[in-house]
Amino acid sequence: MHPFNYVAPKTVEEAVNVLEKHGDKARPLAGGTDLLVQARGNKWDLEAVVDVKKIPEAMKLEASDDGLIIGSGVPCYQIYENEEVKKHYAGIVDGAFIIGGIQIQSRAAIGGNLCNAAPSGDAICPLIVYGATANIAGPNGERKIAVEDFCIGPGKTVIKNGELLVSISVPKPAKRSGAAYERFIPRNEMDIAVAAVAVSVVIDNTGENFESVNIALASVGPTPIVARKASDYLAGKPINDASISEAASIAKDEASPISDMRGTIEHRKHLIEVITNRMIKESVKRARG
Ligand SMILES: Cc1cc2nc3c(=O)[nH]c(=O)nc-3n(C[C@H](O)[C@H](O)[C@H](O)COP(=O)(O)OP(=O)(O)OC[C@H]3O[C@@H](n4cnc5c(N)ncnc54)[C@H](O)[C@@H]3O)c2cc1C
């Protein structure tokens, strides 16, 4: 690992200045659980690491009637221990709760998970199905981008040199809504997803029909996949085994996995069908309270 400067700015502006000065030789740091491993592997030619944890906006976790703000440096344990988050954003808790073990969760941030842009990142698909937005700051000011458009390839995001993710905004879920996330790994914990699915549903006031559905798939493409056809298929459909099975089958066809040491294409597609079915049912259960 090369020696590099560690900078801990107290404002977004200061952070942007340092990031801009060093260009592609600077990286923001949230928990460091990906970055330090990558730095040791010499993935980056680093001059500076810019820690976001002293920036108030990056450490904010606030749930209100307007929705949820998750600062880019907020560690996972703060998210899944927060009562408001547990009550209204159970799908996000599902993701945060399975990232690594307790030591990792004490440091690792959902923002870091998103910026690392691993196809298997456990925080990303839950954010997508909640319709979350990434709040980015850079030399040209602030910009917002939907989380579903944030990852553009394995390890690649829309963040440009000089920019950083400040926070993530999640809209307040509609009434009668529920969401859930689950992954398949070959052991109980501390592994990356072979396939994973996040679902959010809004059901109508009879509790018998889907109003709208969002389904997102992880680890079955170079970036998280929004399973739009499966999601649209369920809108307005009755909640029953037949409609849910059909949506799961459509989602399977929307996955485009590769075969590798963790699983084959066929295995991953099968997993997507099974987990989608399960997560739709779990989301409905949560929506019905
Ligand atoms: C033992 C172990 C187990 C793990 N298990 C899992 C798992 O089960 N599931 C899973 O998804 N991941 C897992 N990971 C990977 C990692 O812990 C997660 O991806 C974590 O959420 C990364 O967050 P972080 O805050 O540590 O990110 P960091 O390491 O700080 O950053 C990750 C990347 O994002 C960039 N970045 C960080 N903050 C910002 C910002 N504010 N703006 C712009 N770019 C930024 C960094 O420069 C870096 O490229 C594991 C890692 C380890 C070491």
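**Notes on the predicted model**

1. The chain holds 11 helices and 14 strands (DSSP runs numbered from the N terminus, with helices being H or I of at least four residues and strands E of at least two). Its radius of gyration is 19 Å, close to the 19 Å that the globule rule gives for 289 residues, so the chain is as compact as a globular protein of that length. The radius is taken over C-alpha atoms, and the rule is 2.2 Å times the number of residues to the power 0.38. The C-alpha trace spans about 60 × 45 × 35 Å along its principal axes.

2. This is a predicted model, in which local features need pLDDT of at least 70 and side-chain atom pairs count only at pLDDT 80 or more, while totals for chains, interfaces and linings use all residues. Residues are numbered from 1 along each chain as its sequence is written.

3. Of the 289 residues, 50% count as buried (20 or more other C-beta atoms within 10 Å of the residue's own; exposed means 12 or fewer, partly exposed in between, with C-beta atoms placed from the backbone). Among contacts between residues at least 6 apart in sequence, 65% join residues at least 24 apart. A contact here means C-beta atoms, placed from the backbone, within 7 Å.

4. The largest nonpolar core has 92 residues, of which Leu127, Val199 and Leu217 touch the most other members. Such a core is a set of buried Ala, Val, Leu, Ile, Met, Phe, Trp, Tyr and Cys residues joined through C-beta atoms within 7 Å. Strand E12 (residues 195-203) gives the most to this core, with seven residues. Beyond its neighbours within four places in sequence, Leu217 has contacts that include Cys125, Val197, Pro224, Ile225 and Ile272.

5. Helix H5 (residues 90-97) is largely enclosed by the rest of the structure, because seven of its eight residues are buried. Among them are Ile92, Val93 and Asp94.

6. Val226 sits in strand E14 (residues 225-226). With 19 C-beta neighbours inside 10 Å, Val226 counts as partly exposed. Not counting residues up to four places away in sequence, Val226 touches Ile128, Glu148 and Ala216.

7. The ligand is surrounded by 32 residues, the closest being Ala30, Gly31, Gly112, Asn113 and Cys115 (C-beta atom, placed from the backbone, within 6 Å of the molecule). The shell divides into 17 nonpolar, 11 polar and four charged residues. Ala, Val, Leu, Ile, Met, Phe, Trp, Tyr, Cys and Pro count as nonpolar, Asp, Glu, Lys and Arg as charged, and the others, Gly among them, as polar. Helix H7 (110-116) is one of the elements that supply at least two shell residues, and H7 gives the most, with five. Domain 1 and domain 2 each contribute at least three residues to the shell.

Definitions and conventions:
Domains from an automatic or database assignment. Contact = placed C-beta atoms within 7 Å.
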